[in-house]
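Me: Could you walk me through this one? I'd like to start with the terms and then go through the contacts.

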Amino acid sequence: MAVAVPKKNLSDWHSPSTRPEVIHELIHGVDRYNPTNLPFMEEYLLSQIKEGQYDLFANLAILKLYQFNPQHSNPDIIVHILVKALSATVHGPDFGLSLGLLREPSAILHDIESDDEALTILIPFLTNLHELVRTCQFTKFWKEFNGESEAASILKTRYLPSHASPLDSLRFQFSLSIASCFSTISLTQLSRWLDLPSGQVSQYVEQIGWSVEGEKAVIPKNGDNDVKAGVVRENVQLSQLTKLVAAAAY
Amino acid sequence: MADPTAFYEPTEDELLSSLAVPVQSYNPESDADEYRRLQELEQHAYAQQQLMVAEQEQEQMQALEQVPEDVKRFLVLFHQAILENDLPTITNMYESGWNKLTQAHYSQNEWPEAELISPLVGNDQVFLTLYRELYFRHVYAKLQPTIDDRFQSYENICELFNYLLNSDGPVPLDLPIQWLWDMLDEFVYQFSNFSTWRANPKNKNEEELEALSEAQNIWSSYSVLNVLYSLVQKSQINEQLKAEKQGKSAEEVQELAGEYGSKPLYRNLGYFSLICLLRVHVLLGDPTLALQTMENVDLSGGAFLTRITACHVTTYYHVGCAYMALGRWPDAIKTFISVLIFFIRMKQYHTRSYQYGSITKQCERMYALLAICTTLSPGPSDESIMSIVKEHYADQLAVLQRGGDEALETFKDLFLSASPKYLNVNPPPYEDPSALESYLANPPIDATQRHLELFLSDVVAVKGVSNIRNLLKLYTSIDASKLVTFSEGETGEEEILQQLMVLKAASRTYAKGVNQETLLDGERIVTNNLDFTIDGSMVHVEETTSHRRFAGFFIRNAEHAQRVFNTIKSSPLPIQRKPVPSTASAPQTTDKKAGGAWQPKRARVAAQ
């Protein structure tokens, strides 16, 4: 597993290295409006799920096609896209962007004449989970997630099994948030936030490049958890002075 | 990539032809009979038509007489100028002549119908289409468009684009860029206006309901995108812009552009279509696609889009809104501020333009959005612009900074008044009366409301941030358990630590760096000068301070002094005329304005 450090730039967000050339062409051209490409795009999503990859822009293109062709909407695919967005980032806009392209679940189901209630139950549940994630209420998140509610059990029995290690990617995203704040943190707190039994915490911590000292995990410096007070001084460039220098030359 | 002609589905053609010719089933057995019957019918119809035509002609001649002489003369000359592709004349007539005549004769009513004036312009269909485009724009701007106006305006603009896109080869027409921009701008405006109107099935009369149920394609999102994408593809504008960015020579770009894109008409239409696509995508709630569309367009100070103020302002407004939807507040702030500075400088030259009012309104909205963005991401930004924001939104800013439910309400009001009017992709089911009824009984949340909720959820997520930030400002280090006792309503250390993580995230974001090319790119930056590290449960606070900036002030003033000095040096010496008392001219020589130098010159001329 990779070391938990926040990404320095967004190039992997808008054009992930795992995206095939064909998909790139498709979502950058007018072909993205062609509904006959849907099966192909959906297949790409399923392969992302299986391989544990993530391509937000391709997934948004699917939702866009559903928007223009409501009769082709596939509720299962929609749920998968939302789960992907949820587990891909803590503070990013991904989940909101996906929701922005969706209508109310009942309208979506109405257009495809489906009476499968899963979508109607899951969208509010996932939205709630997302609110908990983005406000860093990780303990509460796991409580809801592991809870006995109908939504939680549908999610876990019907959708999560096809995702490659969904729990790990959630934990990884949470540790990113933790790493940007803490230089050391108690293992008990970690076990609550990452929903790991105390025996497994230290093992997990070492996987993501942190180390254990007694009851604490030590997080290597990453630029966010080792801030120093600084003084911003004025920085005058030579180019700003060209006019003055030129005037002095007379 | 798909074949552009295949993508440009002939929806308009189909629609027009299906209106003109009723569909008839073909029956080979009664072929001859049918043919004879049709012939008879046709003859009959022809005779009647002749009669009607004669009558109509007479009526039209009479109506044409009613048209004021100066309008007639204007139209003839306008037609002439367009035939000759005489850009300066077209520009002049388009920008000033049309508006003057509108004010003189048509401030309360429509311009004459195109059919009426067609004898004046030799029944030139292309000119009449262009004329109708202006005609409907005037209806939308000054009057209340009826459903017929809306439909006909759509059909007319489609006819125009059809002519441009589907003629044999590029058409021999050239129009000023201002007109081309206005045309596409109006196209998107009428689309959004129609969609908003159509989205509400209430208050529609029978006739309107019936028309809407039959015309699914009119002003549909799909057909509008279709036109814009077709213009982009035909002009090869993306390829051209990419090549220019790579520094290819003008000849190479021309070659890439192909027979269409190398013509200014098509190139400009393609370019403006990209900006209209940005706008449509934002309106349809897809900010990532909006920014992606602009990946080849240069947004810097000297870019092509800055040549037209309305286009400049619209582009930046929508780019800023897209950044807001991505939570990239600093980028949104930067975008709004840069165009507002430009607008303040340009204001004096633009008060005459008929779009001045709408441009000002859009700028006004950006000040409101700035109030939102700077509250969510406080930090240093341009003082002159921020002082205007503070002036206009003093009360709101105070409420926003206080936080709480009241602030949420203010965020909501500001967003609703300043955000774009979002649109639904799909209209209500007018074609199915029973579905429409259930739609009316249980209307879905409208698009703007949906985007408002998404925006508010962004706000709610960071609502505790400013309190805890203010608290941290007081300490250099503090234990989390102590923070618990200071904050209201919080129950435990864990919640405080979670809040701190939110604060951390709220002062980090991605922003477009200087050497990043596309709008979607961004680097992780720190947006607030207050920062902290947590060691176990001990919070260490670090604050970055910035020195006052003097150099800029000195440079500006030294340059200014230099300019004043140069002006004085280069002005002619004042030559005093005898009768003028020396006390009167003394203050003039010290006056740093040009006036001091100018007056003696006149005196000198008079003396000679």
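Reply: Let me begin with a term: buried means under 20% relative accessible area, exposed means over 50%, and partly exposed is what falls in between, with a 1.4 Å probe and protein chains only. This is a predicted model, in which local features need pLDDT of at least 70 and side-chain atom pairs count only at pLDDT 80 or more, whereas totals for chains, interfaces and linings use all residues. Residues are numbered from 1 along each chain as its sequence is written, chains are lettered from A and ligands numbered from 1 in the order in which they are written, and side-chain values use heavy atoms, with hydrogens and water left out.

Me: ok, and B:Arg508, buried or exposed?

Reply: B:Arg508 counts as buried because its relative accessibility is 7%. Its side chain meets that of A:Asp224 in a salt bridge, at 2.7 Å from N to O; a salt bridge here is a side-chain nitrogen of Lys or Arg within 4 Å of a carboxyl oxygen of Asp or Glu. A:Asp224 also counts as buried, at 7% relative accessibility.

Me: where do A:Asp224 and B:Arg508 lie?

Reply: A:Asp224 is in the loop between strand E3 (216-218) and strand E4 (231-232) of chain A, while B:Arg508 is in strand E2 (residues 508-511) of chain B, so the pair joins two chains. Helices (H or I, at least four residues) and strands (E, at least two) are DSSP runs numbered from the N terminus.

Me: which strands pair in the parallel sense?

Reply: Strand E1 (residues 182-186) of chain A and strand E4 (residues 530-535) of chain B pair that way over two bridges, and two strands pair if DSSP finds at least two bridges between them. B:Asp535, in E4(B), is the bridge partner of A:Thr184.

Me: switching to pairs within a chain, what does A:Arg158 form a salt bridge with?

Reply: Its partner is A:Asp76, and the closest N and O atoms are 2.9 Å apart. The pair links distant parts of the chain, 82 residues apart, with A:Arg158 in helix H10 (residues 150-159) and A:Asp76 in helix H5 (residues 75-88) of chain A. A:Arg158 counts as partly exposed because its relative accessibility is 36%, and A:Asp76 counts as partly exposed at 29%.

Me: what about B:Asp182, which residue is its salt bridge partner?

Reply: That is B:Arg137, the closest N and O atoms being 3.8 Å apart. B:Asp182 lies in helix H9 (residues 177-198) and B:Arg137 in helix H7 (residues 125-142) of chain B, so the pair ties together parts that are 45 residues apart in sequence. B:Asp182 and B:Arg137 are both buried.
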